[in-house]
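Please view the sequence and the structure below before reading on.

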Amino acid sequence: MLIRVALPLLFAIYFHSATSGASPKCAHSIVFNKLLGVRPPSTNSTVIPLYAAASKSREESAVNVRCARICREDPLCHGYLLVFSQNTCYGYSTAAKNPEGMTLAASRYEHIDDDVDANYQLVADANVAFFVKTCLDVPAKCSSKLFPLVTIPGAGLVGQNDRLLPRLVTREECANACFHLKKNFRCRSARFVRSFRNNRHRLRLKVESAPLGQCYLSGGDRFTNPESFRYGGWGDDEEYLENQCEGWGRGEASCSFEQQRDLTFAYADDSLIVSDERGCSERCLNEDRFTCAGYSYHNSSGRSTCSLHSDDLTSLGPKAIRVEFDSVYGRRVRCLDVAAQCYDERIEVGFVPPEGFAGRIYLNTVHGNCSYDETMANGTRMLTIMTGNEVVESRCGIRRAFIKGNVNNFLVFGYVYIQQHPFVRTQADRLLKSGCIHHLNSTNITNLMSNLPMKSTVDFIPQSQSLSFGSTVLLNGTSKIKKKVTVHLYDVETQAELFEAALGQLVEMRIVSKDRNFDLAPYDLIAYSGEESIPLLDSKGCPLDRRLFPGFRKQKTTPGLTLQARFHAFTFPRSTMLNFRLTIKFCYESCPKVVCFYQ
């Protein structure tokens with residue numbers, strides 16, 4: 001029998017309180033720090049909301065801008081919790097009572113402890129964002145930002161550490177360094193990794209200050225490098241710090257929006273009335289209070305409204321998308337340098353990959369031999385799609401359509417898949433619609449790709465592809481009798497066992513042993529489907545690609561031992577079934593510690 005273990009995740013967040021009298025006076029600016037996916041451990045259900053939507057109208061449902069204004073103007077307010085599903089926010093204060101002597105509940109605030117270190121034990125919750133007043137040295141251009149800093153515990157950009165500060169710093173100092181470091185370097189985000197050895201030593205000496213850690217600065221963020229962003233939900237190792245001052249600026253097109261019909265995003269920071277969808281996208285491009293990562297345009301009952309979002313699928317996952325008719329979700333993306341040439345019997349799609357691209361480009365079909373690509377001398381990836389034969393086109397998923405009102409012209413098009421990883425599909429991939437208009441009565445062929453970035457790009461929403469999990473084969477790596485060990489996959493948010501998932505969904509692989517006398521050492525983990533496979537752990541148990549699989553963590557439990565690893569669901573190009581094969585070594589009492597080179 002599998003023992004399901006519900007593990008509460010605690011995040012120790014340290015910062016200088018901006019409202020507590022016990023904390024040093026702020027010498028810089030008091031601004032909001034947005035902590036995504038965490039909340040205080042207890043919520044008093046009797047507390048009156050700081051602000052709640054008065055109606056179900058679109059204009060009223062986007063409450064974040066209103067919550068921020070109320071909390072900013074009230075000295076008693078230390079921060080607020082935004083609950084996405086309720087369109088409601090709840091206030092928090094470090095004071096016991098308000099100036100009139102009323103209890104905090106009557107004043108719309110719940111008490112939150114504050115000490116010299118301002119150490120808050122927060123728990124994971126994918127349905128919330130916690131905004132806290134924080135003293136930060138932000139540039140003057142950030143004075144109008146709703147929240148200059150975004151913190152995501154347990155997340156980071158894998159392989160995007162451009163610069164390392166030469167000494168250990170506090171989390172606050174790491175953020176300030178990203179705000180102000182210039183020298184021909186535009187810092188968009190930082191990765192703060194706590195030094196446990198240093199902090200344990202300082203704790204023994206009873207040094208009262210925020211913990212220290214290494215600070216890695218990056219020129220990318222979760223929007224510019226979504227293929228490198230990984231969120232594991234573990235908060236005791238590292239934190240992702242995002243500099244909103246260097247995000248997409250006002251009027252910066254960032255090239256395009258990937259659009260999906262009849263879908264909308266989980267929550268909105270602000271909402272307004274617009275005349276049409278173009279007006280909605282322009283409002284997103286010109287938003288300067290926060291980095292607008294996308295919009296949802298709603299046109300129901302003859303009323304056009306526009307919701308603006310500061311998050312997207314990269315950080316909130318595929319469950320952040322909701323089905324809603326008469327709506328359009330537009331996700332803001334970086335440009336793809338793509339061009340095409342149309343010929344009688346082929347389409348040539350040229351893709352100039354960004355620096356560091358190691359992926360593939362191919363026609364999105366389950367059949368092989370439908371397209372081939374080659375790398376040109378200048379680095380361009382050239383994809384050739386064969387057309388002209390209707391039988392071959394049909395087998396390869398290439399479509400033909402006659403243009404209404406013009407029997408002499410017909411359209412030939414297919415979907416080109418740009419895969420970021422060399423072997424598997426991930427949430428960061430892109431799908432493009434490529435085609436040509438053929439004129440039957442002439443040799444003239446019109447290029448359909450001239451406006452590709454805005455019109456022909458199709459968002460690869462994870463709901464459009466799901467995958468099923470097959471069996472997990474467990475091999476015994478020792479000569480001892482195989483112990484009672486089970487391996488299962490769980491949804492991180494609901495803790496329900498998973499048998500299928502959406503591409504990009506956060507999944508936890510959990511190995512449970514009931515024998516406390518033996519330790520476990522997993523290694524040689526392989527993901528496979530049919531003839532396709534990719535190794536995830538090597539012969540020592542070290543991760544081979546932390547973007548796909550970060551490795552296991554060990555947790556001692558009452559029945560025995562639990563190993564956990566969190567990863568974003570991926571799949572192979574030719575299959576929607578994903579299987580795992582894992583070898584486990586059994587050690588009496590404890591296994592030797594493994595040292596991985598990347599550490």
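## Confidence

The model is predicted, and its pLDDT averages 80 over the chain. A score of at least 70 is reached by 79% of the residues.

Confidence is highest in strand β36 (residues 532-535), with a mean of 95. It is lowest in helix α8 (residues 452-456), where the mean is 30. Over residues 442-464 the pLDDT is below 50, and the model gives this stretch 68 contacts beyond near neighbours in sequence. Residues 1-8 also remain under 50; for these residues the model has 18 contacts beyond four places in sequence.

## Overall composition

The chain contains 39 strands and 8 helices. Of its 599 residues, 55% are buried. The accessible surface amounts to about 27,200 Å², and carbon and sulfur atoms contribute 51% of this area.

## A four-stranded sheet

An open sheet is formed by 4 strands with antiparallel pairing, in the order β21-β22-β25-β24. The edges are held by β21 (337-342) and β24 (371-375). Each of these has a single partner strand, so one side of each is left without a neighbour in the sheet. From one strand to the next, the twist averages 20°.

Key. Residues are numbered from 1 along each chain as its sequence is written. This is a predicted model: local features need pLDDT of at least 70, side-chain atom pairs count only at pLDDT 80 or more; totals for chains, interfaces and linings use all residues. Side-chain values use heavy atoms; hydrogens and water are left out. Helices (H or I, at least four residues) and strands (E, at least two) are DSSP runs, numbered from the N terminus. Buried means under 20% relative accessible area, exposed over 50%, partly exposed in between (1.4 Å probe, protein chains only). Accessible areas come from the Shrake-Rupley method with a 1.4 Å probe; for residues, only the protein chains shown count as cover. pLDDT is the predictor's confidence in each residue, from 0 to 100. Contact means heavy atoms within 4.5 Å. Two strands pair if DSSP finds at least two bridges between them. Axes are lines fitted to C-alpha atoms, for helices over the stretch in contact, and angles run from 0 to 180 degrees between N-to-C directions.
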